[in-house]
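Please go through the points below with the model open beside you.

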Amino acid sequence: MNKVYSHIESITGNVISVRAENIAYGELAEVSSRYGSSLAETIRLDGDMVFLQVFAGGRGVSTGDEVRFLGHPMQVSFSDNLLGRIFNGAGAPRDGGPSLADNLITIGGPSVNPYKRIIPREMIRTGIPMIDVFNTLVKSQKLPIFSVSGEPYNQLLARIAMQAEVDLIVLGGMGLKYDDYLFFRDTLEEGGSLAKTIMFVHTAADPVVECLQVPDLALAVAEKFALRGKNVLVLLTDMTNFADALKEISITQEQVPSNRGYPGDLYSQLAARYEKAVDFADAGSITTLAVTTMPGDDVTHPIPDNTGYITEGQFYLHGGRIEPFGSLSRLKQMVNGKTRDDHRAIMDGMVKLFAAYRDTLEKKSMGFQMTAWDRKLLKYGELFESSMMDLSVNIPLEKALDEGWRILAACFEPRETGLRSDLIQKFWPARSAGSEAARA
Amino acid sequence: MIQKQGQVVAVNGNMVSVRFDGDVAMNEVAYIHSNEKRLKSEVIRIRGDEAQVQVYEMTKGLRIGDSVEFSGEMLSVELGPGLLGQIYDGLQNPLPEIAEKKGFFLESGVYLQALSKTQKWAFTPAAKVGDALKRGDSLGSVPERHFLHQIMLPFDFYGSWKLVEIAAAGDYAIDDTIAVVEDSRGNRKNVSMTFSWPVKRAIDCYAERLKPAQPMVTKTRIIDTFFPVAKGGTYCIPGPFGAGKTVLQQVTSRYADVDIVIIAACGERAGEVVETLKEFPEITDPRTGRSLIERTIIICNTSSMPVASREASVYTAVTLAEYYRQMGLDVLLLADSTSRWAQAMREMSGRLEEIPGEEAFPAYLESVIAAFYERAGIVRLADGRKGSVTIGGTVSPAGGNFEEPVTQATLKVVGAFHGLSRERSDARKYPAIHPLDSWSKYPGIMPADVVRYAHAFLERSAEVGAMMKVVGEEGTSLDDYVLYLKGEFLDAVYLQQNSFDPVDASVSPGRQKAMFRIALEILGAALQLKDKDDARSWFYEVRQAFLDLNGSAEGSDLYASSLAKIKAALAERKPEYDAEARRALARLE
């Protein structure tokens, strides 16, 4: 029988302390106050003083409230029953369904032995040309979506969730607006993906401590499914809220801040979560896409900065589109040589021309005369933006590559594209303006 | 010695307070017994009868009252034959064996022997009975991969010893006694092929430290020619994320002209280490014709592995480097990234509630960084041979801003600075070492005055480039414009290098000299160019030919034709050379 303690010694912010014996570091307790009961985690031991972080926060907790230790660390149930369910940051159901208690697993487990990792080798198709063609997503990759508030990053995540070729989706929502949460739920339901989705959602109205649990819950579950051979896509939104929750809690615990108030271990905290992305040699995989909103669109802010050092590239969502500049998939080279002969050439060639288009736009805005070449570039840029960059475009990789050739042929002579002649021979569309030259 | 015991009295993250009886030493290793596991930790502060230890594992599950056993030893590494080709974590646990025993995950409290106890090594004695010996003196050797691994009198055998017995040539395991030595008072000690040494103490068994003067060739042009590194020297590579720090280190680890490379992957992405782990066994080392992994030791403590052992990992790496240096070998230590190591110190300092310095880094940050880089050096050993440890560390400055404490502390103590710039990496100019910000204090493979002469073109070209942004191309004189093109040309054909091209990836010093001379023939020449368009198209044409030259092996058709193309293009413009240019060219004959 677990002991119950009925005298709380101190309450500071979300942290309470009780005198108790034989408590393990990380052990959970249940704090019952007049406003209901909440889980709490042991975050410090000092002699017989036990410091607990109360998930629901310290507000309304009285020194006379009961604290009951549960004898185990934070756990989550793991089984196929999770599929289609929605939980909060404490692991309790948020969808009105039954709470699950079978096959409990501990969250925040050890790191994967680097020796057991393998070199990533498979692409994940998303149907979004700016990803599939230009910055291919690779199985086991960890990629943030750098964005600013107001951009449609959650729409993008939801689309990837519905279209990505994966077995299972685990969505971790941190500090989500309630309507964003409803948006995710409804979109996935309408798209028919809810049945292969597990959601852990902390909304902006929920206690901040629960925000910290979300990535660990989501990743612990994802890891177990991956070990059972599933290819899991973990979507986290928004990691900036997670980092801000870390900041809030470390400051109230009087830790010395390092940079703009964030704790000194921000890098390690983020890395511990992102590094869960893995491809198990003879089992499944975890791929992580995480939204990071950049305060003030500043990539040198501690959160995007630390994230960039950890992740394998980033998608830069700006003006409602994934920008070809500033976006990078560090792993794309490992897969885009195996898709179709023209993949790399189209990727490089189209982006180079698009860069030239941007230069021309600048020239145009400064009032310079437009040459014939400039006019071609302007036409190209507009086509590229509407049929490649627009997030509503939804075509498989091969179609997107064909579309690329079609755009090029509509705007340029083959030799103007700088593409290799053998590829032009093979792929340049017939019956277009450039076909004469291609045959010559 | 009686094992000292203690009890856990407080737990805060990975810092645990222990109450003990008797004496405890600073930096002593202690094991915490909890839930049938033994967690390794290190004493980092002692106050009265309480010691604070940093635990090299996750501390979840620890309880007040858990028993603690003090080992009496400082954190040490095992030294002996069999280190080469190994993959260790920061505490020298072999990761492949852990994977074999425990599977996918690094569970806490699993510590394995760093060296095989059963493998036999063919020992050939060199010392004779009656020889006077000092610590570090060779007793004999065993072949390890393609080196003769010296079996030395352990480094902690202070004083003079006399060899009493030595094993005959034959096969021995590392724990077998291969010699018996006696000190002046007649105390005898057995010597085996292995011993341990505390990682935070520099190995100092050498006659003297020398000045690093001989270049360590990396086969990367911008480094060897412009910002060289000397054997026994130190250098740092700071750069924002995505600027190519890790790729540059990977390239260096492959081609550097040293005997042994030790890679300390400290707090970085696991995926990058995996590439090294899986690819090195497949790559042939051109120096030896054997697999590259055979000259490499990888210390791998990636970002999600426990923070305290990240702190230990750079020390583990440098100690192994010093050990091989004692055999008269040239060792290169690549640490990626020292910022993560500094952050590990910051985390611990915060837990100890020390008064923070800038950006909450501890006040001793600078002296710790300085002490680490000072472990590099070229030394003359007692028997006259030379050995060196060269240290190259990457720095990951927050926001790419070099004004932050770790970069600044590092710049104070290194001999060369290879600053990577976001601007250059965005423009796909690799390696993204900034040619104007970087510097080196070491002599390189080219005469220094010629390098200065070439570098001046880069500086003046950048000046003209900056000016042109204001006044436009129209407002720039033809002479200035040609100067600008010359700088851009040198950048494109010589500073930039394609690490994915089989020929261009590694350029020997001889070839660098030849290429540099051709580049100088173009830089130093006063050329007959009609106007800016003519100048631009001429330089583009020569650049294209030069790039072809860079990508073609000496003796190939493309090499000959590209070279002829450059020479012809140059002759066409009737180059004239002033005295300075002629002198520079003559220096490269």
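Which are the buried residues of helix 8 of chain A? The numbered points begin with that helix.

1. The model is predicted: local features need pLDDT of at least 70, side-chain atom pairs count only at pLDDT 80 or more, and totals for chains, interfaces and linings use all residues. Residues are numbered from 1 along each chain as its sequence is written, while chains are lettered from A and ligands numbered from 1 in the order in which they are written.

2. The buried residues of helix 8 of chain A are A:H343, A:A345, A:I346, A:M350, A:L353, A:F354, A:Y357 and A:T360. Helices (H or I, at least four residues) and strands (E, at least two) are DSSP runs, numbered from the N terminus. An α-helix has 3.6 residues a turn, so residues three or four places apart point the same way.

3. This helix covers residues 343-365, 23 residues in total, and reaches 33 Å from its first C-alpha to its last, close to the 33 Å expected. The expected span is 1.5 Å times one less than the number of residues. Among the elements covering its buried residues are helix 9 (372-389) and helix 10 (397-411) of chain A. A:G367, with a positive phi near 85 degrees, follows helix 8 of chain A.

4. The contact between the chains takes 42 residues from chain A and 48 residues from chain B. Two residues are in contact if their C-beta atoms, placed from the backbone, lie within 7 Å. On the side of chain B that touches chain A, helix 4 of chain B gives the most, with 7 residues.

5. Strand 5 (residues 36-46) of chain A pairs with strand 1 of chain B in the antiparallel sense, over 3 bridges. Pairing requires at least two bridges found by DSSP. A:R44 has B:N12 as its bridge partner in strand 1 of chain B.

6. In chain B, 4 strands form an open antiparallel sheet in the order 12-11-9-14. Its edge strands, strand 12 (147-152) and strand 14 (170-172) of chain B, each pair on one side only. Strand 11 (residues 138-144) of chain B is joined to strand 12 of chain B by 6 bridges, and B:G140 has B:I151 as its bridge partner in strand 12 of chain B.

Conventions:
A residue is buried if 20 or more other C-beta atoms lie within 10 Å of its own, exposed if 12 or fewer, and partly exposed in between; C-beta atoms are placed from the backbone.
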